[in-house]
Amino acid sequence: ESLQKFIRDHDDLVVNDEDKVLCISTKHEFGSITDQNIESLKNAIESYFGGKKYKMSKIYSQVAVDDYPYIVPHKKHQKKVYCMLCSLELNKVQNQIESHIKGRKHAYRVREQESLKEKGDDLSEIVDPENIPIDDNDGDESMRSDDSEEVDDNVEEDNIMFEVV
């Protein structure tokens, strides 16, 4: 009875068909319910709710990306979001997203977009979530251009003798 009341009090817990307690948000499955392990199961659930994995899962699931203009879910990382104006990846944590939106760079770019809208420029390329760049480059390519001159390593130096002391 005490375990059933405990499960009813927590919105994130449910008992599945196999009489096992299941956490809805993280899909964590606790042991099956028997008369002997009710207290140990209750203690395990309480300790899980106090743990880092559960707390972080709750933080990531509470953020509604639709509330923020120009912020879209990241294509590859489900724990991140992407700002289309600033081309910036952010963690999917509400206070980090809000601090970015209140920031100077983002505010400047929002004003810039608003002025472009007033002029009637087409913003579909900027605002379209399909145009989010995917950075597959690991930085292995060199930064020099193709028309740069190559330095010949076999240049003879003046005949200078060095004496080793």
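Buried means under 20% relative accessible area, exposed over 50%, and partly exposed in between (1.4 Å probe, protein chains only). The model is predicted: local features need pLDDT of at least 70, side-chain atom pairs count only at pLDDT 80 or more, and totals for chains, interfaces and linings use all residues. Residues are numbered from 1 along each chain as its sequence is written, and side-chain values use heavy atoms, with hydrogens and water left out.

**Exercise 1. The sheet of β1, β2 and β3**

Task: Find the strand order of the sheet that holds β1, and name its edge strands.

Solution. 
Step 1. Strands (E, at least two residues) and helices (H or I, at least four) are DSSP runs, numbered from the N terminus. Two strands pair if DSSP finds at least two bridges between them.
Step 2. Read the order. The sheet is open, has three strands and runs β1-β2-β3, with antiparallel pairing.
Step 3. Find the edges. β1 (13-15) and β3 (29-32) each have a single partner strand, so one side of each is left without a neighbour in the sheet.
Step 4. From one strand to the next it averages 20 degrees. Axes are lines fitted to C-alpha atoms, for helices over the stretch in contact, and angles run from 0 to 180 degrees between N-to-C directions.

**Exercise 2. Around β2**

Task: Trace the bridge partners on both sides of β2, then sort the residues of β2 by face.

Solution. 
Step 1. Take the β1 side. β1 and β2 (residues 20-23) share three bridges. L13 stands opposite C23, and V14 has L22 as its bridge partner.
Step 2. Look at the turn. Four residues lie between β1 and β2 in their hairpin, and D19 there has a positive phi of about 60 degrees.
Step 3. Take the β3 side. β2 and β3 pair over two bridges. L22 stands opposite E29.
Step 4. The hairpin of β2 and β3 has five residues between the strands, and K27 takes a positive phi near 60 degrees.
Step 5. Sort the faces. In a regular strand the side chains alternate between the two faces of the sheet. In β2, V21 and C23 make up the covered face, while K20 and L22 make up the uncovered one.
Step 6. Place the helix. Helix α2 (residues 38-49) lies across β1, β2 and β3 and runs at about 175 degrees to β3.

**Exercise 3. Salt bridges**

Task: How many salt bridges are there? Describe the pairs of D9 and of D12.

Solution. 
Step 1. Apply the rule. A salt bridge is a side-chain nitrogen of Lys or Arg within 4 Å of a carboxyl oxygen of Asp or Glu. The count is four.
Step 2. Take D9. D9 pairs with K5, and their closest N and O atoms are 3.2 Å apart. The two are four residues apart in helix α1 (residues 2-9), so about one helical turn separates them. K5 is partly exposed, at 47% relative accessibility.
Step 3. Take D12. D12 meets K58 at 4.0 Å, N to O. This pair links distant parts of the chain: K58 is in helix α3 (residues 52-62), D12 in the loop between α1 and β1, 46 residues apart.
Step 4. D12 is buried at 9%, whereas K58 is partly exposed at 30%.

**Exercise 4. Aromatic rings**

Task: Classify the pairs that Y54 makes with Y48 and F49.

Solution. 
Step 1. Apply the cut-offs. Rings of Phe, Tyr and Trp (its six-membered ring) pair if their centres lie within 6.5 Å; planes under 30 degrees apart count as stacked, over 60 as edge-to-face, and the rest as tilted. The whole structure holds three aromatic pairs.
Step 2. Take Y48 and Y54. Their centres are 5.8 Å apart and their planes stand at 55 degrees, so the pair is tilted.
Step 3. Take F49 and Y54. Here the values are 4.5 Å and 35 degrees, so this pair is tilted.
Step 4. Join them up. F30, Y48, F49 and Y54 form one aromatic cluster.

**Exercise 5. Confidence**

Task: Which stretch has pLDDT below 50?

Solution. 
Step 1. Start with the mean. pLDDT is the predictor's confidence in each residue, from 0 to 100. The mean is 76, and 71% of residues reach 70 or more.
Step 2. Name the stretch. Residues 136-157 fall below 50. Beyond near neighbours in sequence, this stretch has two contacts in the model, where contact means heavy atoms within 4.5 Å.
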